[in-house]
Amino acid sequence: RTGKGSIGAYQFDRRFPGVGRIKKSSGTTSLSEFRRRDALLTKLFETSALDVLRAFHEGQITIEEIVEADRGNNPVLSMQRLATTQRLVPAIESALPRMGTSKETRSRYQRSLAKLVKLVPSLAVKRVADLLAVDWLSLADAWPDSAADWNHIRRAVSRFLTVHLGDKYHPLRRQIVSRIPEKKEHARAPDQSVELFLRIVGAMPAPARPCFMTMALTGMRVSEYIDADATALRHETQSVAIKGKSGAGVVYLTPEGFALAKAAIPCPLARAVPADTPTNKKPRYRAMRRLFMDAQKAVGASGLRLHDLRHLFGQTAADAGVSTAETQAQLRHTDPRMTRRYEMPAHARKAAHAVAVELGISKPVKKKRAG
């Protein structure tokens with residue numbers, strides 16, 4: 001439905017899947033020009049230039065800017081160029097819902113991009129194309145946090161540009177990403193012992209112990225454990241269904257381990273969370289972290305984090321001689337190289353023992369007789 005607005009200009013009143021209802025002035029009192037501009041919106045939809053339609057819908061660009069872009073020799077390319085002139089922060093907000101398959105991934109992208117804008121305040125009023133003018137090398141040198149955190153920023157910018165521009169090979173995206181240095185990460189996989197973990201758990205209140213034992217037995221991430229409810233328990237296969245960073249998956253338990261999981265899922269600490277905030281994970285996380293930190297202090301330990309319970313699973317499996325493929329399946333790693341890092345301490349200890357034997361310091365390990 002179209003018609004004239006209160007000031008005489010014809011009005012758009014259209015709905016586009018993935019964009020919503022566009023009810024705005026066409027900026028013209030000429031019927032023929034209105035029809036041409038209305039057809040231009042149709043062309044944007046048919047050429048999948050939804051980002052431009054969204055930007056118009058949200059007021060980031062005007063119909064006049066769209067008309068100017070369409071006057072180029074290559075209308076589609078002109079529309080892509082138009083996307084680079086949109087204001088950065090609104091463009092990020094528009095792209096975020098499409099920047100990951102899981103809520104956790106999208107949340108990570110959101111935090112990284114918000115942190116970038118906070119540490120480079122000028123970006124708050126800049127355009128998308130202005131990312132090219134950022135001194136990425138100096139920013140990387142002055143970055144206040146870890147290499148992993150910086151690389152998260154790099155991935156977030158890359159993914160944003162791919163989604164916003166609609167093409168991972170877009171020249172602007174490739175130019176910007178090529179200027180963002182990638183830092184060498186030092187993967188955290190602490191050399192921890194089962195004995196220390198059991199001492200820490202033993203120092204906790206009895207009702208909390210199954211929570212931490214279940215995390216160690218499954219290799220679940222903290223967020224995955226907190227999100228698990230009663231429907232995640234699969235009694236027939238004695239396993240737990242998970243939806244998290246690695247996508248949907250299943251982790252398996254022994255009968256004894258599954259009995260612990262039934263006492264720990266859903267997390268009993270969730271009872272401390274107000275009933276009107278069932279999706280608020282922060283209080284649950286804080287409660288678990290406080291218990292873990294207090295128990296460490298009680299046994300004279302320090303430096304371990306909740307996520308290290310996942311590392312504990314990988315390291316313990318490697319120490320026990322479990323194959324890379326088997327450990328990878330339970331931890332749901334997409335790349336076996338992520339799993340092999342847990343095998344390094346075991347390999348190092350084996351090498352150290354071999355040298356100590358050759359130097360006469362230690363005795364060889366006696367092989368068990370078969371049968």
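Contact here means heavy atoms within 4.5 Å, and this sense of the word is kept in each of the legends below, which describe close-up views of a predicted model.

**View 1. Asp-149 in helix 8 and the residues around it.** Asp-149 has its place in helix 8, which covers residues 147–165. When the neighbours within four places in sequence are left aside, Asp-149 is in contact with Arg-108, Lys-115 and Trp-143. The relative accessibility of Asp-149 is 11%, and because buried means under 20% relative accessible area, this residue counts as buried. For the setting of this view, 42% of the 371 residues of the protein chain count as buried.

**View 2. The packing of helix 11 with helix 15.** Helix 11, made up of residues 209–218, and helix 15, made up of residues 308–319, pack at an angle of about 45 degrees, and their axes are 7 Å apart. The two helices are therefore oblique to each other, and their crossing is right-handed. On the side of helix 11 the meeting residues are Phe-212, Met-215, Ala-216, Leu-217 and Thr-218, while helix 15 brings Leu-309, Leu-312 and Phe-313. Sorted by class, the residues of this contact comprise seven nonpolar, one polar and no charged.

**View 3. The crossing of helix 1 and helix 3.** The axes of helix 1, residues 31–46, and helix 3, residues 63–70, come within 11 Å and cross at roughly 75 degrees. Because angles of 65 to 115 degrees count as roughly perpendicular, helix 1 is described as roughly perpendicular to helix 3. Helix 1 makes the contact through Arg-36, Arg-37, Leu-40, Leu-41, Lys-43 and Leu-44, and helix 3 through Ile-63, Glu-64, Ile-66, Val-67 and Asp-70. By class, six residues of the contact between helix 1 and helix 3 are nonpolar, none is polar and five are charged.

**View 4. The hairpin of strand 2 and strand 3.** Strand 2, residues 10–16, and strand 3, residues 20–25, pair in the antiparallel sense over six bridges. One of the residues to look for is Phe-12, whose bridge partner in strand 3 is Lys-24. Three residues lie between the strands of this hairpin, in which Gly-18 takes a positive phi near 85 degrees.

**View 5. Ala-248 in strand 6.** Strand 6 runs over residues 247–252 and includes Ala-248, which is exposed, with a relative accessible area of 69%. Apart from neighbours within four places in sequence, Ala-248 is in contact with Ile-242 and Lys-243. The view also takes in Arg-332, which is 84 residues from Ala-248 in sequence and 9.3 Å from it in space, C-alpha to C-alpha.

**View 6. Gly-300 in the loop between helix 14 and helix 15.** Gly-300 has its place in the loop that lies between helix 14, residues 282–298, and helix 15. With a relative accessibility of 68%, Gly-300 counts as exposed. The C-alpha atoms of Gly-300 and Leu-196 are separated by 10.0 Å, although these residues are 104 residues apart along the chain.

Note on methods
Residues are numbered from 1 along each chain as its sequence is written. This is a predicted model: local features need pLDDT of at least 70, side-chain atom pairs count only at pLDDT 80 or more; totals for chains, interfaces and linings use all residues. Side-chain values use heavy atoms; hydrogens and water are left out. Axes are lines fitted to C-alpha atoms, for helices over the stretch in contact, and angles run from 0 to 180 degrees between N-to-C directions. Helices (H or I, at least four residues) and strands (E, at least two) are DSSP runs, numbered from the N terminus. Angles under 35 degrees count as roughly parallel, over 145 as roughly antiparallel, 65 to 115 as roughly perpendicular and the rest as oblique. A crossing is left-handed if the near helix is turned anticlockwise from the far one by less than a right angle, and right-handed if clockwise. Ala, Val, Leu, Ile, Met, Phe, Trp, Tyr, Cys and Pro count as nonpolar, Asp, Glu, Lys and Arg as charged, and the others, Gly among them, as polar. Two strands pair if DSSP finds at least two bridges between them. Buried means under 20% relative accessible area, exposed over 50%, partly exposed in between (1.4 Å probe, protein chains only).
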